[in-house]
Each structure stands twice: as C-alpha cells, then as structure tokens.
Amino acid sequence: MKFCIVTPVFNAVGLIERTVASVVAQCRDHSLSVLYIVCDGGSTDGTLDLLISLKERYRFANFEFRISSKADGGMYDAIARGFESVRESGY
C-alpha cells in the first residue's frame, strides 16, 4: 500500500522532531510505501536545519522523506502545495 503524508510547519524547531519521529514510528511496517513531505513556510528559527538532519537520520527502503521550504500563504496553502508535488511526481 502507498501512503502520502504532508505536514505543514513554520518556526517549530521545538516541536517538529517529535512530529517526524511519530510519523516514522507509524511507518515501520515494510509492507507500506510511505512518502512523507514536510512543507516549511520559510522558518527562521532553525526548523529547516533540523529537518535536513532528520531526513538524514530516517532512511528506510519503504520511506521517502521530502522537504520543501519557501514562504507560503499559511497552513492550508502548504498542505495543498505538498499534495500538488505528489501529483506532479506521479507517486
């Protein structure tokens, strides 16, 4: 089964690691194929740097972790942008 998860984030360096770890813990079933996209709205508090290090930490055969970072129109815009990138990639 294929799943796609999109998480919007902005200046959440203190929370995003826990969020990502929770998603990863739920995706350890190797019968699943998971695409996880975190859409950062242009954070200035170190969130992007932390996401990059988490992407390196969480590498599994059935788990693809993508990060997008640019200013957006808020949470719903970020979510829409994330799912649009899924459609464009043909996942």
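Q: Which residue in strand 3 is the bridge partner of Val34?
A: In this predicted model, the bridge partner of Val34 is Phe63 in strand 3, where helices (H or I, at least four residues) and strands (E, at least two) are DSSP runs numbered from the N terminus. Residues are numbered from 1 along each chain as its sequence is written, and side-chain values use heavy atoms, without hydrogens and water. Local features need pLDDT of at least 70 and side-chain atom pairs count only at pLDDT 80 or more, while totals for chains, interfaces and linings use all residues.

Q: How do you know that strand 2 and strand 3 pair?
A: Two strands pair if DSSP finds at least two bridges between them; strand 2 and strand 3 have seven bridges, in the parallel sense, and therefore meet that rule.

Q: What is the β-α-β unit of strand 2, helix 2 and strand 3 called, right-handed or left-handed?
A: The unit is right-handed, a word used if, with the strands pointing away from the viewer, the path from the first strand over the helix to the second runs clockwise.

Q: How do you know which residues line one face of helix 1?
A: Ile16, Val20, Val23 and Val24 are buried in helix 1 (residues 16–26), buried meaning under 20% relative accessible area, exposed over 50% and partly exposed in between (1.4 Å probe, protein chains only). Seen down the helix axis, these buried residues fall within an arc of 100°, so they line one face; the arc is taken from the directions from the axis to the C-beta atoms. The face turned away from them carries the exposed residues Arg18, Ala25 and Gln26.

Q: What makes the link between Arg81 and Asp72 a salt bridge?
A: A salt bridge needs a side-chain nitrogen of Lys or Arg within 4 Å of a carboxyl oxygen of Asp or Glu; in Arg81 and Asp72 the closest N and O atoms are 3.1 Å apart, so the pair qualifies. Asp72 itself is partly exposed, at 27% relative accessible area.

Q: Why does the salt bridge of Arg57 and Glu17 tie together parts apart in sequence?
A: The side chains of Arg57 and Glu17 meet in a salt bridge of 3.1 Å, N to O. Arg57 lies in helix 2 and Glu17 in helix 1, so the pair ties together parts that are 40 residues apart in sequence.
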